[in-house]
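Reader: I would like to learn how to read a structure feature by feature, with the general idea given before each particular case. Could we begin with a loop?

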Amino acid sequence: MLKVEVEYFNGCPNSQKMIDNVVYAIEQVNFNIEFTKTLVDTTEMAKNINFRGSPTLFINGIDFENMPKLEQASLSCRCYPNGLPSVESIIKKLTEERNK
């Protein structure tokens with residue numbers, strides 16, 4: 001079973017769109033996935049989990065874009081150089097992980 005997680009904080013304009021994209025992608029594939037949303041609501045929590053910014057997508061514990069842990073984690077929005085991961089790119093990554 002694949003494990004998919006979105007870390008986010010309330011107030012980030014991209015959080016809900018990422019969650020929607022992930023949920024829709026999961027609905028499109030035909031295999032078991034455990035999906036969790038992790039609300040990062042304090043600076044202390046952000047530091048404890050090495051928060052990469054909101055929203056961050058993990059598949060089987062691996063950052064979607066292989067971004068390394070940050071030395072100075074904080075409650076901040078995350079910038080995706082090529083834009084927020086699309087439903088199609090999430091489906092592709094889920095399929096690749098399943099086939100490993």
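Author: Let us start with Asn 60, which sits in the loop between S3 and S4; helices (H or I, at least four residues) and strands (E, at least two) are DSSP runs, numbered from the N terminus. This is a predicted model, in which local features need pLDDT of at least 70 and side-chain atom pairs count only at pLDDT 80 or more, while totals for chains, interfaces and linings use all residues. Residues are numbered from 1 along each chain as its sequence is written, and side-chain values use heavy atoms, with hydrogens and water left out.

Reader: What is the phi of Asn 60, and how should I read such a value?

Author: Most residues other than glycine have a negative phi, and most peptide bonds are trans. Asn 60, although not a glycine, has a positive phi of about 55 degrees, and at 34% relative accessibility it counts as partly exposed; buried means under 20% relative accessible area, exposed over 50%, and partly exposed in between (1.4 Å probe, protein chains only). Asn 50, in the loop between H2 and S3, likewise has a positive phi, near 55 degrees, and at 24% relative accessibility it counts as partly exposed.

Reader: Which residues does a cis peptide bond join?

Author: The cis bond joins Ser 54 and Pro 55, with omega about -5 degrees, and Pro 55 is placed in the loop between helix H2 (43–48) and S3.

Reader: In what order do the strands of the sheet stand?

Author: Strands of a sheet pair through backbone hydrogen bonds, either parallel or antiparallel. Here four strands form an open sheet in the order S2-S1-S3-S4, with mixed pairing, where two strands pair if DSSP finds at least two bridges between them. S2 and strand S4 (62–63) stand at the edges with a single partner strand each, so one side of each has no neighbour in the sheet.

Reader: How many bridges link S1 and S2, and in which sense do S1 and S3 run?

Author: S1 and S2 pair in the parallel sense over seven bridges, and Val 4 stands opposite Phe 35 in S2. S1 and S3 run antiparallel and are joined by four bridges, with Ile 59 in S3 as the bridge partner of Val 4. S1, H1 and S2 also make a right-handed β-α-β unit; a crossover is right-handed if, with the strands pointing away from the viewer, the path from the first strand over the helix to the second runs clockwise.

Reader: How many of the residues of S1 are buried?

Author: Five of its seven residues are buried, so S1 is largely enclosed by the rest of the structure. Leu 2 lies in this strand and, at 6% relative accessibility, counts as buried. Leaving out residues up to four places away in sequence, Leu 2 touches several residues, including Phe 31, Ile 33, Asn 60 and Leu 94, where contact means heavy atoms within 4.5 Å.

Reader: Which residues of H3 are buried, and how do I read a helix that has a buried side?

Author: An α-helix has 3.6 residues a turn, so residues three or four places apart point the same way. In H3, the buried residues are Val 87, Ile 90, Leu 94 and Glu 97. Seen down the axis of H3, they fall within an arc of 95 degrees, so they line one face of the helix; the arc is that of the directions from the helix axis to the C-beta atoms. The face turned away from that buried side carries the exposed residues Glu 88 and Lys 92, whereas the buried residues pack against strand S1 (2–8), helix H1 (15–28), strand S2 (33–39) and strand S3 (56–59).

Reader: Which residues have the most contacts inside the largest nonpolar core?

Author: In soluble globular proteins, nonpolar side chains tend to be buried together. A nonpolar core is a set of buried Ala, Val, Leu, Ile, Met, Phe, Trp, Tyr and Cys residues joined through side-chain atoms within 4.5 Å. The largest one has 19 residues, and those with the most contacts inside it are Val 4, Val 6, Val 22, Ile 33, Leu 57, Ile 90 and Leu 94. S1, H1, S3 and H3 are the elements that give two or more residues to this core, and the largest share, five residues, comes from H1. A second, separate core of six residues includes Phe 9, Cys 12, Ala 46 and Phe 51.
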